[in-house]
Amino acid sequence: MSNLLPKPQAFALRGAPLPSLQRLSLALCVLLLLLACIPAAIAHEFKVGDIEIEHPWSRATPPGAKVAGGYFTVINKGSAPDRLLSISSDISDKAELHEMGVKDGVMTMRPVEGGLEIPAGGKVALKPGAYHLMFTGLKRQPKQGEKFPATLTFEKAGSVKVEFVVEGMGETGSDDMDMDHAE
Ligand SMILES: [Cu+2]
């Protein structure tokens, strides 16, 4: 009989680390979940199908301005190219895709014909001085710190709602937006 006593004790000792390990791994899971959420909130990105849109942003405009720029990075994680066909937003009558280039030594902006191709497995950055979005016929001035919604439509991936964060007027220090858009 006496040799039965150590058994439950030994069992209890061996069993003891299990519950705390489970607690630890649960705590780790919660921590990992929290960490997984944080970059998404900071990165401010949107997804539709194989397409990811990172950090759509615009710039505050001076009173009376009729146009505002729109910028973001599009990533195509798919194995086929896709095309950004159109953009719409309540903030303006129209939103156009523009391309900047140099023609006969003069910087020009022109609408991108037939949509903007996003190569398979590639990315395209819309940024000041390059491809960009132009909100034309502004219904109101975007104010620094606010967000406004817009819908991007892709040929294959379909439509996705995004939010443009409005940054300061001097953001990036580029004044390309003031050039060819006084209509
Ligand atoms: Cu433009």
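Reader: So what is leucine 152 in contact with, sequence neighbours within four places aside?

Author: Leaving those neighbours out, leucine 152 is in contact with Ile53, Phe72, Leu84, Ser86, Ile87, Gly158, Ser159, Val160 and Val162. Contact here means heavy atoms within 4.5 Å. Keep in mind that this is a predicted model: local features need pLDDT of at least 70 and side-chain atom pairs count only at pLDDT 80 or more, while totals for chains, interfaces and linings use all residues. Residues are numbered from 1 along each chain as its sequence is written, and side-chain values use heavy atoms, with hydrogens and water left out.

Reader: And how many residues does the largest nonpolar core have?

Author: The largest nonpolar core has 29 residues. Leu152 is among those with the most contacts inside it, along with Ile53, Phe72, Ile87, Phe135 and Phe154. A nonpolar core is a set of buried Ala, Val, Leu, Ile, Met, Phe, Trp, Tyr and Cys residues joined through side-chain atoms within 4.5 Å. Buried means under 20% relative accessible area, exposed is over 50%, and partly exposed is in between (1.4 Å probe, protein chains only).

Reader: OK, strand 3 next. How many of its residues are buried?

Author: In strand 3 (residues 67-76), 10 of the 10 are buried, so the strand is largely enclosed by the rest of the structure. Strands are DSSP runs of E with at least two residues, numbered from the N terminus. Both faces are covered, with Val67, Gly69, Tyr71, Thr73 and Ile75 buried on one side and Ala68, Gly70, Phe72, Val74 and Asn76 buried on the other.

Reader: Which sense does strand 3 pair in with strand 2?

Author: Antiparallel, over 6 bridges; two strands pair if DSSP finds at least two bridges between them. Glutamate 54 stands opposite threonine 73 of strand 3. Strand 3 also pairs in the antiparallel sense with strand 9 (residues 132-138), over 4 bridges, where leucine 133 is the partner of glycine 70. With strand 8 (residues 123-126) there are 4 bridges, again antiparallel, and valine 124 is the partner of valine 74.

Reader: Changing topic: where's aspartate 82, and what is the nearest side chain of opposite charge?

Author: Aspartate 82 lies in strand 4 (residues 82-89).

Reader: What does the side chain of aspartate 82 reach, then?

Author: The backbone nitrogen of glutamate 155, at 3.3 Å. The backbone nitrogen of alanine 157 lies 2.9 Å from a polar atom of the aspartate 82 side chain as well.

Reader: And aspartate 50, where is that found?

Author: Aspartate 50 is in the loop between strand 1 (45-48) and strand 2 (51-59). With a relative accessible area of 44%, aspartate 50 is partly exposed. Its contacts, neighbours within four places aside, are Ile75, Asn76, Lys77 and Gly78.

Reader: Last one: what's phi of histidine 55 near?

Author: Near 45 degrees, a positive value in a residue other than glycine. Histidine 55 is found in strand 2. Aspartate 104 is not a glycine either and has a positive phi of about 50 degrees; aspartate 104 is found in the loop between strand 5 (92-103) and strand 6 (106-111).

Definitions and conventions
Polar contact = N/O pair within 3.5 Å; in protein donor to acceptor, adjacent residues only side chain to side chain.
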